[in-house]
Amino acid sequence: MDDKIPAWLDVIVLPLMSLMIAFFVTGLIVLSIGANPFSVAQAMIEGAILRPSGLGYTLYYTTTYILTGLAVAVAFHAAMFNIGGEGQAMVAGVGVAIAALALDSTHWMITLPVAMILSMVFGAFWALLPAYLQAKRGSHIVITTIMMNFIASAVVGYIVIYVLRDNVAGANETRRFLEGAHIPRASDMLSWIGIDGYSKSVPMNITFFVALIAAVAVYYLIWRTRLGYEIRAFGLSSSAAQYAGTSPVKIIIIAMLISGALAGLMANNSVMGEQVKLGLNPVNGAGFIGIAVALMGRNHPVGIVLAAFLFGVLVQGGAELSFSYPAVSRDIVDVIKGLVILFVGALDNMLRIPMEHWWINRQKAKMA
């Protein structure tokens, strides 16, 4: 008899139950400040999903969170907590800008693949030093990746201000990319199938599909390849995996390189997809939100995609909320995020233990 709950309960049902509790507590908070929680929820859903332009923004945020969530998940399967997605994506933005500035006089079908390759290379490079320190020196990956975030911010700031800065505009950013680095947005893709009139300002772009492909690739890597098996085995028991012939140095470095590359891939969405230039902070905290996304998605690509969409809804819905209900602070979205992380992460056993007991009793009843 299996005393572990099945994957569909772990990846989908438990997070949904935690989410419902988080929303219930948030509703009580909204009620305490004199607002109707159902009206607030309706305004957020309408602004993030039911309005076409709002849905476009939601999918733009979802794209970012899928990639940063996958980055955290790959490292986590190797028993590492990569907190450095923020810095890795930030440095990768430099790679995207280099490709865009060099090739923006050509065509996006040339610029985008080069930018994607450079973003993954730059992101993986920024993850290499923490990986080496963990594998060879025993330095804790959490500490080193956090430190690398601050270094990345300083390095990117120096490059943008003193190397790539557009002196004509006078701001601390590169020049705006030419047409050859403007990747297709939702309005362009809809026009391909004969739907015109969609807002060109909506930043959802073709990298959304890149993120979905990355989710499928991560699933295949972790659960369908020998390398993925070694990563999972090492994450479950490093001593047993080493006894079976797995090299800890190899797994740590490879897992972190893949993690950094996935985080770096996110920079294409923001730098080329929305900003069309590189500024001082092209990431805007997405690397840290990716941690919550991976946590809620149980480090499984399907769960990560769903969790990323939820956080996209919260971010876009919170922006719409400030217009519909000025009395309700936009910070209420941060409250929801915090409660989701609290119930899904810190209080996970509050629901998991009763669920496991229920499952065991159900199995016993079937056997009887």
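Predicted model: local features only at pLDDT ≥ 70, side-chain atom pairs only at ≥ 80, totals over all residues.
**Helix H16**

Helix H16 runs over residues 348–367 and has 20 residues. From its first C-alpha to its last it reaches 28 Å, close to the 28 Å expected at 1.5 Å a residue. I then looked up which residues of H16 are buried, and found Asp348, Leu351, Arg352, Met355, Trp359, Ile360 and Gln363. These residues lie on the same side of H16, because they cover an arc of only 165° around the axis. I noted the general rule beside this entry: an α-helix has 3.6 residues a turn, so residues three or four places apart point the same way.

**Salt bridges**

I searched the whole structure for salt bridges and recorded 5.

I looked up glutamate 320 and arginine 51, whose side chains meet in a salt bridge at 2.9 Å, N to O. Glutamate 320 lies in helix H14 and arginine 51 in the loop between helix H2 (37–50) and helix H3 (52–77), so the pair ties together parts that are 269 residues apart in sequence. Glutamate 320 is buried at 17% relative accessibility, because the cut-off for buried is under 20%. Arginine 51 is partly exposed, at 38%.

I next took lysine 277 and glutamate 173, which meet in a salt bridge at 3.0 Å, N to O. Lysine 277 is in the loop between H12 and H13, and glutamate 173 is in the loop between helix H6 (141–162) and helix H7 (186–192), 104 residues apart. Lysine 277 is partly exposed, with a relative accessible area of 26%.

I also recorded the salt bridge of lysine 250 with glutamate 230, in which the closest N and O atoms are 3.2 Å apart. This pair links helix H11 (residues 248–265), which holds lysine 250, to helix H9 (residues 226–236), which holds glutamate 230. Lysine 250 is partly exposed at 37%, whereas glutamate 230 is buried at 13%. Salt bridges with shared partners join Arg226, Glu230 and Lys250 into one network.

Valine 276 is buried, at 4%.

Leucine 306, in helix H14, counts as exposed at 51% relative accessibility.

Key:
Residues numbered from 1 in each chain as written. Heavy atoms only, no water. Helix = DSSP H or I, 4+ residues; strand = E, 2+ residues; numbered from the N terminus. Buried < 20%, exposed > 50% of the residue type's maximum accessible area, 1.4 Å probe, protein only. Expected span 1.5 Å × (residues − 1). Arc of directions from axis to C-beta. Salt bridge = Lys/Arg side-chain N within 4 Å of Asp/Glu carboxyl O.
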